[in-house]
Amino acid sequence: MDFELSETQRLIRDTARKFATEVVAPRARETDRHERFPAEVYRQMAQLGLLGINVPAAYGGAEAGVVAYSLAMMEISAACASTSVGMAVTNMVAELVVAFGTDAQRETFVPRITSGEAVAGAFALSEPHAGSDPGAGYTTAQRKGDRWVINGTKQWITSGAHAGVIIVWARTSNDGNKGLSCFIVEGGTPGLHLGRAEDKMGLRGSNTVPLIFENCEVPEGALLGRLGDGFKLAMVALDGGRVGIASQACGVGRAAVEASVKYVKERRAFGQPIGEFQALRFMLADMHTQQQTAELLTLRAASRKERKLPFTREASMAKLFASEMSNRVCDKAVQLHGGYGYIDEFPVERYLRDARVQTIYEGTSEIQRLVIARELLKSLG
Ligand SMILES: Cc1cc2nc3c(=O)[nH]c(=O)nc-3n(C[C@H](O)[C@H](O)[C@H](O)COP(=O)(O)OP(=O)(O)OC[C@H]3O[C@@H](n4cnc5c(N)ncnc54)[C@H](O)[C@@H]3O)c2cc1C
């Protein structure tokens, strides 16, 4: 087992770290406070190859692999999770089109995503009444000559109001999960309407919006993958997506640890820096150990995906542990800051608000446990 990074992985991580420190972090507070969607930041990220890290160079990607993607996600997330969630979805959409698209779809849509022309990619699976159970969605796509007509409402769509390329799941028959298919819809297509953007607890700079499809017509060639393969595509995409969100959680957790270390050295009580109190040192030791454990789990899942080994269980374990870690660690970071942890003068209250959704999206912790247990029972059966 080799824990050393390759030259490419180090290059991507260092590029992301520099960009995160110089460009993303300085505007993170404003992005959150004023709910500023970071469109300009995404354009710059595209120039650095960060919107298609695991995408072939032929389509404008960095072709640097999944571990590099995970490392870059950690860096951007440590600076601003509102920014990194859109980065995660955009990378996921580009990878999905590469994996399942026709040559024409790859050539048309992937360079638009990796170059930043599309601003962001979006992934429209959830519906108002169907999140954990996406097979229960009501959105339909019906054939009309050589076109598909989409009707229905998608809920919680990250970057939905800005994305140039949107992957939409819709029912093409009543055959349960086998009746779901997947379509590439361009932002601004007639019949695609935006609902009211959600007023969220955290990730306030990320845009989360319902997408309403009213007789939205797309060409025959918009079908991604085979008819009826939508559920399979969703599961494949979510496995990879979970590596992305686990990486996000690692990044936010690391930022919380670093902010806490800095604070306990500066803040004094009872005549000494609060970092001298054993109670706080033990807290920091646990935070750091848990955060590092999450990184190991996450990079293992990323490495398995990169080596084309099965990684469903590993991705769910990483996502479960990392997201619960970031919630615990950010909560402790607020505690370590005392009253100052509760106001926006310090970033830890933002980290805690941003971390909260990580146990919910890309599959809740309960769904991750179902997946892990199912895979465990299968492997020991
Ligand atoms: C900020 C944000 C961004 C998002 N971005 C996107 C996006 O870009 N694209 C997209 O498609 N979706 C997105 N989502 C949706 C997200 O993936 C869902 O919210 C999530 O999957 C949970 O679905 P739900 O909200 O319908 O909750 P429900 O499925 O209704 O779950 C409610 C509760 O029931 C539990 N539960 C459900 N089923 C089971 C079970 N079988 N066993 C045990 N417990 C169970 C859940 O764990 C949860 O605690 C986003 C959500 C948020 C909040």
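Tutor: The expected span of a helix is 1.5 Å times one less than its number of residues. Helices (H or I, at least four residues) and strands (E, at least two) are DSSP runs, numbered from the N terminus. Residues are numbered from 1 along each chain as its sequence is written. The model is predicted: local features need pLDDT of at least 70, side-chain atom pairs count only at pLDDT 80 or more, and totals for chains, interfaces and linings use all residues.

Student: How far apart are the end C-alpha atoms of helix α6?

Tutor: Helix α6 (residues 230-266) has 37 residues. At 1.5 Å a residue, α6 should span 54 Å. The distance between its end C-alpha atoms agrees with that: 53 Å.

Student: How many residues of α6 are buried?

Tutor: A residue is buried if 20 or more other C-beta atoms, placed from the backbone, lie within 10 Å of its own; 12 or fewer makes it exposed, and in between it is partly exposed. By that count α6 is mostly covered. Of its 37 residues, the number buried is 28.

Student: Is Met45 buried or exposed?

Tutor: Met45 sits in helix α2 (residues 39-47). Inside 10 Å it has 28 C-beta neighbours, so Met45 counts as buried.

Student: Which residues is Met45 in contact with, leaving aside neighbours within four places in sequence?

Tutor: Two residues are in contact if their C-beta atoms, placed from the backbone, lie within 7 Å. Met87 is 42 residues from Met45 in sequence, yet their C-alpha atoms are 8.6 Å apart. The contacts of Met45 are Leu50, Leu51 and Met87.

Student: Which helix gives the largest share of the side of domain 1 that touches domain 2?

Tutor: Domain bounds come from an automatic or database domain assignment, which gives domain 1 (7-120), domain 2 (122-230) and domain 3 (232-380). In all, 29 residues of domain 1 are in contact with 18 residues of domain 2. At least two residues of that side come from each of α1 (7-33), α4 (81-100) and α5 (103-114). The largest share, eleven residues, comes from α4.

Student: Which domains does the ligand lie between?

Tutor: A residue is near a molecule or strand if its C-beta atom, placed from the backbone, lies within 6 Å of it. Of the 22 residues around the ligand, Gly131, Ser132, Thr158, Thr364 and Glu366 come nearest. Two domains both give residues to the shell, so the ligand lies between them: domain 2 and domain 3.
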